[in-house]
Amino acid sequence: MSLETHVETAVTERLYDVCDYYDAESLLTEDERRVLGRLRDFLDREAKPLLADYWERGEFPTRLAQPLIDLDLMEPAELTGTSGTNSGPARGIYQGFRIFELARTDASLATWYTAQAGLFRTAIRMGASAEQEAEWMPRVIDFSLKGVFSLTEPESGSDIAGGLSTTARRSPDGDGETWVLDGAKRWIGGAATTDVLAVFARDVADGQVKAFLVDRQAAGVTVEKIHRKTSLRMMQNAHITLDGVRVPESMRLHNVNSFKDVAAMLRAMRSDVAWIATGIQAGAFEAALRYVRERRQFGRPLGSFQLVQEKLARMLGNLTASLSLVVRLTEQQANGIYRDQDSALAKMQSCLAMRETVALARELAGGNGITLESDVARFHADAEAVYSYEGTHEINALIVGRALTGESAFTR
């Protein structure tokens, strides 16, 4: 069967039969299903056979990077008018299911892709001036300008709004055209292979946060891989040191002038993480379902036992509820409604459901659930990182609580 025939068959036979209760298929146009079918075919045929070995080694399968880029997923021609079938940018629902497909296969692949298509693209879309965006965005979309979102620091995660210690100051030569950055960033995924780092730093002159595109190979930039991780092992997270790094004013994101501007970016990006958490649930559920269909215990298929079926039903319930939540959030944002409490609730609840779902998947696979052969172990371990990044459960809960009560419970 040719690749084209295989993809067409995948589209015809439905992509999301596991979620029939929600009828996810109806949310997508035929063109969107075709693009997603192309992605799924690539992931199933080319990516899945590599994942266990690379995960165990703690290395990213770089051979998959260019083929993924070549799939033209960020703004596919079929969806943006280039082919004459549609007009405008790809819809948010399509973008959400693109993340879902990647995460359903592997959390590191989803994190790697959304580092560019989500975090860095959002930094340019919301932080750059109109002139900067016109110059940079086409290169972001085709990956000829690769970037990473560099906000988190060694001593600051959830408290980054008030704890940002990386500094930016005007060059002492007084020409007003150069900035000097000093500080450190940590947990920055993909930093070792990117072109630029979108670095957020506090301006010593006014105390406000600014953002800069820093050449990864600039003098004073050191990028070190973080070793000994037990989650997202394939994703290459880095510790970045900035020592007197000089950045021209032209590389400052001109629409970032306070942490409020950064918070607006985070508000837009939390929905991506909720989609990742939902995709991880789908991957874990499907792996567990395959296992119980094939495994026999006490002379019977494992899937024939009542308690096994109860766990499967709970997992599908979690997945379906999470999918409902992220779809509704995406529809809301497509209508221009961006509220902190909405994205925080989606991230918080989908990650809670994810944690239970991957635990049930591991439980169903028994001892085999801690081996990479079953796929369950990857999802179980990787979920822990997703549970925490882009806002911990507690921080997101307090954002929702503040909206409910009108009272901030954040410590000062």
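**View 1. Strand 2 meets strand 4.** Strand 2 (residues 167-170) and strand 4 (residues 196-203) run parallel to each other and are paired over two bridges. In this predicted model, local features need pLDDT of at least 70, side-chain atom pairs count only at pLDDT 80 or more, and totals for chains, interfaces and linings use all residues. Residues are numbered from 1 along each chain as its sequence is written, and side-chain values use heavy atoms, leaving out hydrogens and water. Here Ala168 stands opposite Asp203 in strand 4. Strands (E, at least two residues) and helices (H or I, at least four) are DSSP runs numbered from the N terminus, and two strands pair if DSSP finds at least two bridges between them.

**View 2. Strand 4 under cover.** Seven of the eight residues in strand 4 are buried, meaning under 20% relative accessible area with a 1.4 Å probe and protein chains only (exposed is over 50%, partly exposed in between). Strand 1 (residues 147-150) runs parallel to strand 4 and is joined to it by four bridges. Look for Ser150, which stands opposite Val199 in strand 4. In a regular strand, side chains alternate between the two faces of the sheet.

View 3. Strand 5 (residues 209-215) pairs with strand 4 in the antiparallel sense, over seven bridges.

**View 4. From strand 2 to strand 3 and on to strand 7.** Strand 3 (residues 178-189) pairs with strand 2 in the antiparallel sense over four bridges; there, Arg169 has Val180 as its bridge partner in strand 3. Strand 3 also pairs with strand 7 (residues 237-248), again antiparallel, over ten bridges. In that pairing, Thr178 has Pro248 in strand 7 as its bridge partner.

**View 5. Stepping back to the protein.** Of its 412 residues, 53% count as buried. Among contacts (heavy atoms within 4.5 Å) with a separation of 6 or more, 71% are between residues 24 or more positions apart.
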